[in-house]
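Colleague: I am new to this model. Could you walk me through a few of its features?

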Amino acid sequence: MEPVGLRARKKLRTRDAIADAAISLFLARGFEQVSVSDIAATAEVSKPTLFRYFATKEDLVLHRFADHNGEAARVVRDRGPDIAPLTALHRHFRAGLDRFEPVTGLNDHPEVVAFHRLVFTTPSLAGRLTQYLLDDEDALAAVLGPGIGARLQAAQVIAVHRVLARTNWQRIADGRTAHDVQPEAIVEADQAFAQLRHGTGDSWPHS
């Protein structure tokens, strides 16, 4: 019998191989033109094996967002005792821009740009991404506190992240470099979070 650690590593390698094969095919042919059978054949696995790792065809793409699921909630939960939630979220987004993280839209690697184009322009993927964002919103609201105020604040933060990232990606997709876009991205992030502060006043919970 294989050790548990070895089995886990093999499963992770299989999952990554399936996802990599899927994304390569999607980028080459388009999401709708690639079947699950195509992906399974390319990854050299059976369709039942594929579905053990990915419940839907959309998840083959959007698993790349999985590492960021609940990220806003984690930022608020793990912040220092004297740091307001919105300040922590602002700093976190700014740090992502400094690192040119793909999730901020400020990344000009050709595969990243193409990947975002695939997600944003494929209706079923865009719809599934919306569900991811709603899950993030729920998680953030739960950390901010009870009541409609926390839910509204969470919705505003997630919307700001989405708009800023989409704006950054669009500028790069139009032919600019990430370094060229970065100063505007920083200014707009600061403006967006300032607008959130102005709109919510001192009502953000601190516990």
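This is a predicted model: local features need pLDDT of at least 70, side-chain atom pairs count only at pLDDT 80 or more; totals for chains, interfaces and linings use all residues.

Colleague: At what angle do α6 and α9 pack?

Modeller: Helix α6 (residues 85-98) and helix α9 (residues 148-173) pack at about 15°, with their axes 12 Å apart. That makes α6 roughly parallel to α9 (angles under 35 degrees count as such).

Colleague: Which residues make the contact?

Modeller: From α6 they are Leu-86, Leu-89, Phe-93 and Leu-97, and from α9 Val-157, His-161, Leu-164 and Asn-168; contact means heavy atoms within 4.5 Å.

Colleague: Changing topic, which residues of α2 are buried?

Modeller: In helix α2 (residues 36-43) they are Val-36, Ile-39, Ala-40 and Ala-43, where buried means under 20% relative accessible area, with a 1.4 Å probe and protein chains only. Seen down the axis of α2, these residues fall within an arc of 100°, so they line one face of the helix.

Colleague: What follows α2?

Modeller: Glu-44 does, and its phi is positive, near 60°.

Colleague: And Leu-118, is it buried or exposed?

Modeller: Leu-118 is buried, at a relative accessible area of 8%, and lies in helix α7 (residues 110-121).

Colleague: What is Leu-118 in contact with, leaving aside neighbours within four places in sequence?

Modeller: Leu-118 then touches Phe-26, Leu-27, Phe-31, Val-61 and Leu-125. The C-alpha atoms of Leu-118 and Phe-31 are separated by 7.5 Å, although the two residues are 87 residues apart along the chain.

Notes: Residues are numbered from 1 along each chain as its sequence is written. Side-chain values use heavy atoms; hydrogens and water are left out. Axes are lines fitted to C-alpha atoms, for helices over the stretch in contact, and angles run from 0 to 180 degrees between N-to-C directions. Helices (H or I, at least four residues) and strands (E, at least two) are DSSP runs, numbered from the N terminus. Angles under 35 degrees count as roughly parallel, over 145 as roughly antiparallel, 65 to 115 as roughly perpendicular and the rest as oblique. Buried means under 20% relative accessible area, exposed over 50%, partly exposed in between (1.4 Å probe, protein chains only). The arc is that of the directions from the helix axis to the C-beta atoms.
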